[in-house]
Amino acid sequence: MNKILYIILITFIVSNCSFKPVVKHHGVPFLEKKQSQLIVNKSNKNDIRKILGNPSTTSKFDNDIWIYIERKQTQSKIKNLGKMKIFKNDVLVLEIDNYGILKKKDFYNKDDMENIKIVKATTESGFKKNSFIYAFMSSMRQKINDPLGQRAKKRKEINQR
């Protein structure tokens with residue numbers, strides 16, 4: 001009786017195991033196929049929303065740039081302890097003019113993104129000691145700390161002695 005119970009239990013466990021990898025999907029499914037339906041200088045905002053839905057992101061500097069993302073991840077081999085591995089990463093950048101017509105369409109896949117070079121230049125701060133802003137802020141700080149100018153008079157007296 002125990003043997004039959006063990007066989008049924010093992011069969012139940014093995015039959016419920018799946019050898020398919022678990023895939024986590026984020027963004028617009030089938031972005032590559034859907035973006036081929038968009039035609040530059042012909043498609044408008046309504047067509048884009050109908051085909052792709054609302055954009056994943058819009059440009060912070062210009063509201064007429066829409067960005068759509070598709071990303072698929074799966075668990076890597078057992079030797080990597082099940083870390084997530086990206087096997088599909090597509091980005092679609094759409095530029096729309098003032099009339100709502102699609103003017104430019106750029107599609108990037110995982111291989112294209114590996115070839116993008118990122119500029120390592122940095123922007124320096126604009127507050128140098130000889131700048132107008134630094135001088136203005138220093139005078140404001142001095143007036144806040146000593147509104148009647150009493151400290152400056154005392155320093156002058158001490159320096160004269």
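Where does N41 lie? N41 is in the loop between α2 and α3. The notes below start from the whole chain and come back to that loop. The model is predicted.

1. **Overall make-up.** The protein chain has 6 helices and 5 strands. From the N terminus on, the order of elements is α-β-α-α-β-β-β-β-α-α-α. Of the 161 residues in the protein chain, 17% are buried. The accessible surface is about 14000 Å², and carbon and sulfur atoms hold 57% of that surface. Among contacts with a separation of 6 or more, 48% join residues 24 or more positions apart.

2. Phi of N41 is near 65°, a positive value in a residue other than glycine. Most residues other than glycine have a negative phi. F30 also has a positive phi, near 55°. F30 sits in the loop between β1 (23-27) and α2.

3. **The α2–α3 loop: S43.** S43 belongs to the loop between α2 (31-35) and α3 (45-52). S43 counts as buried because its relative accessible area is 6%, under the 20% cut-off. A polar atom of the S43 side chain lies 2.9 Å from the backbone nitrogen of I39. Beyond its neighbours within four places in sequence, S43 is in contact with Q37, L38, G100, I101 and L102. S43 and I96 are 53 residues apart in sequence, yet 9.6 Å apart in space, C-alpha to C-alpha.

4. **Ends of α3.** N44 caps the N-terminal end of α3. A side-chain oxygen of N44 lies 3.1 Å from the backbone nitrogen of N46. After α3 comes G53, with a positive phi near 90°.

5. **The nonpolar core.** The largest nonpolar core has 11 residues: V28, L31, L38, I48, L52, W66, Y68, L92, L94, I96 and L102. Two or more of these residues come from each of α3, β3 (65-75) and β4 (84-96). β4 gives the most, with 3 residues.

6. What does L92 touch, leaving aside its neighbours within four places in sequence? The contacts are L31, Q35, L38, L52, W66, I67, Y68, K105, D106 and F107. F107 is also the bridge partner of L92 in β5.

7. **The β4–β5 hairpin.** β4 and β5 (residues 102-108) pair in the antiparallel sense over 6 bridges. The two strands form a hairpin with 5 residues between them. In the turn, G100 has a positive phi of about 85°.

8. **Salt bridges.** How many salt bridges are there? The count comes to 4. Side chains of opposite charge can pair when their charged atoms come close. K88 and D90 meet at 3.9 Å, N to O. K88 is partly exposed, at 23% relative accessible area, whereas D90 is buried at 3%. E70, K88 and D90 are linked in a network of salt bridges.

9. **Two further pairs.** K103 and D97 form a salt bridge at 3.9 Å, N to O. K103 is partly exposed at 40% relative accessibility, and D97 is buried at 17%. K104 forms a salt bridge with D106, their closest N and O atoms being 3.9 Å apart. K104 is partly exposed, with a relative accessible area of 42%. D106 is partly exposed too, at 23% relative accessibility.

Technical notes: Residues numbered from 1 in each chain as written. Predicted model: local features only at pLDDT ≥ 70, side-chain atom pairs only at ≥ 80, totals over all residues. Heavy atoms only, no water. Helix = DSSP H or I, 4+ residues; strand = E, 2+ residues; numbered from the N terminus. Buried < 20%, exposed > 50% of the residue type's maximum accessible area, 1.4 Å probe, protein only. Contact = heavy atoms within 4.5 Å. Polar contact = N/O pair within 3.5 Å; in protein donor to acceptor, adjacent residues only side chain to side chain. Core = buried A, V, L, I, M, F, W, Y, C linked by side-chain atoms within 4.5 Å. Pairing = 2+ DSSP bridges. Areas by Shrake-Rupley, 256 points an atom, 1.4 Å probe, with all protein chains shown as cover. Salt bridge = Lys/Arg side-chain N within 4 Å of Asp/Glu carboxyl O.
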